[in-house]
Amino acid sequence: QVQLVESGGGLVQPGGSLSLSCAVSVSIVGFRAMGWSRQTPGKQREWVARLVLGAITTYPDSVKGRFTISREISNNTVYLQMNSLKPEDTADYYCYVEPFAGSPLWGQGTHVTVSS
């Protein structure tokens, strides 16, 4: 099975930065897409970053200009750089990869708290 392990979450003050990592157990070059979503109890899960065919990045307005998704092929890792964090960014962040065939695969998540 493909495994995804997120790391890098923690407590950060508003305006601060965090970098999340998603280590994938297989080569990431063969996926249609990969990205990050977040979820807060009582709210719908929302996507925050998507990387399609290793080249095209997409972000919702809520994080555009603050979050950046990237990948490092050499270590099969997907990153989410988060800058200018706001309290409303507090959530559990999940990494996913999307095969050309089959359903997306998700990690266990890492929690981010933005608070003073």
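Hi everyone, let's start with the open sheet: four strands in the order β1-β3-β8-β7, with antiparallel pairing. At its edges stand β1 and β7, each with a single partner strand, so one side of each lacks a neighbour in the sheet. From one strand to the next, the twist averages 15°; that angle, on a scale from 0 to 180 degrees, lies between N-to-C directions of axes fitted to C-alpha atoms.

A word on where this comes from. This is a predicted model, in which local features need pLDDT of at least 70 and side-chain atom pairs count only at pLDDT 80 or more, while totals for chains, interfaces and linings use all residues. Residues are numbered from 1 along each chain as its sequence is written, and side-chain values use heavy atoms, with hydrogens and water left out.

Strands here are DSSP runs of E with at least two residues, numbered from the N terminus, and two of them pair if DSSP finds at least two bridges between them.

Now, the neighbours of β3. Strand β1 (residues 4–7) pairs with β3 over four bridges, in the antiparallel sense. Val5 has Ala23 as its bridge partner in β3, and Ser7 stands opposite Ser21. Six bridges join β3 to β8 (residues 77–82), again antiparallel, and there Ser19 stands opposite Gln81.

Is β3 mostly covered or mostly open? Five of the seven residues in β3 (residues 18–24) are buried, so-called when under 20% relative accessible area with a 1.4 Å probe, protein chains only.

Of its 27 residues, Trp36, Phe67, Ile69, Leu80, Met82 and Tyr93 touch the most other members. Elements giving two or more residues to this core include β3, β8 and β11.

Finally, please find Thr110 in strand β11 (residues 110–114). Thr110 counts as buried because its relative accessibility is 11%. Its side chain reaches the backbone nitrogen of Gly9 at 3.1 Å. What else does Thr110 contact, leaving aside neighbours within four places in sequence? Taking contact as heavy atoms within 4.5 Å, its partners include Glu6, Ser7, Leu20 and Tyr93.

Conventions:
Buried < 20%, exposed > 50% of the residue type's maximum accessible area, 1.4 Å probe, protein only. Polar contact = N/O pair within 3.5 Å; in protein donor to acceptor, adjacent residues only side chain to side chain. Core = buried A, V, L, I, M, F, W, Y, C linked by side-chain atoms within 4.5 Å.
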